[in-house]
Amino acid sequence: MKAEDVNLYLVGFMGTGKSTVGRAVAQRVGFACIDSDHEIERRKGKEIPAIFAELGEPAFRGMEREFIEGGHSTTRTVVACGGGLVVQPGMLARLKAHGVVVCLHASVETILARTSRQKNRPLLNVEDPEARIRKLFAEREPIYRSSGSVILTDGRPMNDIIAHVLRVWRRESGEFARSAEGRAVGAPVASGGAK
Ligand code: S3P
C-alpha cells in the first residue's frame, strides 16, 4: 500500500469536531469522507436516537463494529468515528490495522458548549448533560489518550487543527505503509512456517 492511500480515522469524544475536521482534511487530500453515524443511519434507515430508543445501545455498538469490520473502504478514506466507537474492546486495534488513528480532544466546557446546541445525541439527552459528559469523559479518557496522536482543538482556528491533523497523517501514513509492506513480505514465511 502506498502512504498516500492510507486511511485516516478520527476518534474522540462527542463535540470534538471529528466530522467537520474530517470533511476538511478529506477535501485537502482528495479522499472520500465518511461519518460512521451517518453511514449507520443510512444503512438502517433510522436516525441514531431512534436506533438507541428502539434497539438499544448494545445494538448500536454492534452496528459500529460491523461498519469497521467489513463495511467501509479501507483506502483513500477519512472516517469520522462516533465518539464511543473506539471505546469498545478490540476496536482500537482494528482501526490501527486499517490506517492512521488521530484523536481530537477538547475540554469538558468546550464539549458541553458544542453539544448543547444539538439534540441528536441520546447519551446526552438527560437531565444533567454536564454530569453525564464528565462521567463518560473520565471513563473513556484513557482509551482516547492511548488511541494515537492526540490533538487539542480548544480555541484553535480550524485551519490550524486541519494542518496539525495533516502533519500527523503524512508522518504516520508513511510508517503505516512501510509496516504494511513488511507484513505482506513476512506473510508467506509466517504461514509456511505454521504448516
Ligand atoms: C456517541 C457519539 C455519537 C454517536 C452516538 C454515541 C458516543 O457520535 O455515535 O450518539 O457514545 O460517544 P459523535 O461523537 O459524532 O457525536
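Me: Which residues does Val102 touch, leaving out those up to four places away in sequence?
Reply: Val102 touches Leu8, Leu10, Gly148, Ser149, Ile151, Val165, Val168 and Trp169. Contact here is C-beta atoms, placed from the backbone, within 7 Å. This is a predicted model: local features need pLDDT of at least 70, side-chain atom pairs count only at pLDDT 80 or more, and totals for chains, interfaces and linings use all residues. Residues are numbered from 1 along each chain as its sequence is written.

Me: Which members of the largest nonpolar core touch the most others?
Reply: Tyr9, Leu10, Val11 and Val102, out of 40 residues. Such a core is a set of buried Ala, Val, Leu, Ile, Met, Phe, Trp, Tyr and Cys residues joined through C-beta atoms within 7 Å; buried takes 20 or more other C-beta atoms within 10 Å of the residue's own.

Me: Which strand gives the largest share of this core?
Reply: Strand 4, with five residues. Strands are DSSP runs of E, at least two residues, numbered from the N terminus.

Me: How many bridges join strand 1 to strand 4?
Reply: Five, and the two strands run parallel. Val11 stands opposite Cys103 in strand 4. Pairing needs at least two DSSP bridges.

Me: What is the strand order in the open sheet?
Reply: The order is 2-3-1-4-5, five strands with parallel pairing. Strand 2 (32-35) and strand 5 (149-152) are the edges, each pairing on one side only.

Me: Switching topic: which residues are around the ligand?
Reply: Met14, Lys18, Asp37, Ile48, Gly82, Gly83, Gly84, Arg121, Pro122 and Leu123.

How values were computed: A residue is buried if 20 or more other C-beta atoms lie within 10 Å of its own, exposed if 12 or fewer, and partly exposed in between; C-beta atoms are placed from the backbone. Helices (H or I, at least four residues) and strands (E, at least two) are DSSP runs, numbered from the N terminus. Two residues are in contact if their C-beta atoms, placed from the backbone, lie within 7 Å. A residue is near a molecule or strand if its C-beta atom, placed from the backbone, lies within 6 Å of it.
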